[in-house]
Amino acid sequence: MSNQRKCHECGKWTEVRETHCVFCDATLDPLLRAREEKIEREKKIREERLLRETRFEKYLRTLQESEKSYHQITFQVLNVVFTIYMGILSFFIWLIALISG
Ligand SMILES: [Zn+2]
């Protein structure tokens, strides 16, 4: 029994040198299993993010992933505009904090 590993899925014993269960094909190697679970988790997070995204976010993603140069230029311009907008917003927040305090 010492050179065998118990399957977490079906409960049967498989040789330690096997990375997958010979009965149900579940991953037995702990490192491999951790890696597969991590990939699965990241995939789920990505899918949830895609479901939650707004129309504007979808539009931005389309621009970013597009091959067309004018799409990429539009994305860059929007990026710069957003950075400037956040800069101005931060300045006013700082100004309000300065005046009131
Ligand atoms: Zn199994």
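**Charged pairs and surface patches**

Arg-17 is classed as exposed because its relative accessibility is 66%, above the 50% cut-off for that class. The model in which this value was computed is a predicted one. Arg-17 pairs with Glu-18 in a salt bridge, with a separation of 3.7 Å between the closest N and O atoms. Glu-18 has a relative accessible area of 28% and is therefore partly exposed.

The Arg-17 and Glu-18 pair belongs to a set of five salt bridges found in a search of the whole structure. Side chains of opposite charge can pair when their charged atoms come close. Another salt bridge links Glu-42 to Lys-38, and here the closest N and O atoms are 3.9 Å apart. Glu-42 and Lys-38 are four residues apart in helix α1, so about one helical turn separates them. Both partners fall in the partly exposed class, Glu-42 with a relative accessibility of 41% and Lys-38 with a relative accessible area of 47%.

A further salt bridge is formed by the side chains of Glu-53 and Arg-61, with an N to O distance of 2.8 Å. Glu-53 is located in the loop between α1 and α2, the latter helix covering residues 55-65. With a relative accessibility of 16%, Glu-53 counts as buried, since the limit for that class is under 20%. Arg-61, in contrast, is partly exposed, at 28% relative accessibility.

Glu-36, Glu-40, Glu-47 and Glu-48 gather on the surface in a patch of negative charge. Of these residues, Glu-47 is placed in helix α1, which spans residues 30-52. The relative accessibility of Glu-47 is 44%, so this residue counts as partly exposed.

The nonpolar patch has an area of about 830 Å² and is made by Val-80, Ile-84, Ile-88, Phe-91, Phe-92, Trp-94, Ile-96 and Leu-98. Ile-88, one of the residues in this patch, lies in helix α3, which comprises residues 69-100. Ile-88 is assigned to the partly exposed class because its relative accessibility is 45%.

Terms used. Residues numbered from 1 in each chain as written. Predicted model: local features only at pLDDT ≥ 70, side-chain atom pairs only at ≥ 80, totals over all residues. Heavy atoms only, no water. Patch = residues over 30% accessible without salt bridge, like charges linked within 9 Å, V, L, I, M, F, W, Y side chains within 5 Å. Areas by Shrake-Rupley, 256 points an atom, 1.4 Å probe, with all protein chains shown as cover. Salt bridge = Lys/Arg side-chain N within 4 Å of Asp/Glu carboxyl O. Lys, Arg positive; Asp, Glu negative; His and termini not counted. Charge placed at Lys NZ, Arg CZ, Asp CG, Glu CD. Helix = DSSP H or I, 4+ residues; strand = E, 2+ residues; numbered from the N terminus. Buried < 20%, exposed > 50% of the residue type's maximum accessible area, 1.4 Å probe, protein only.
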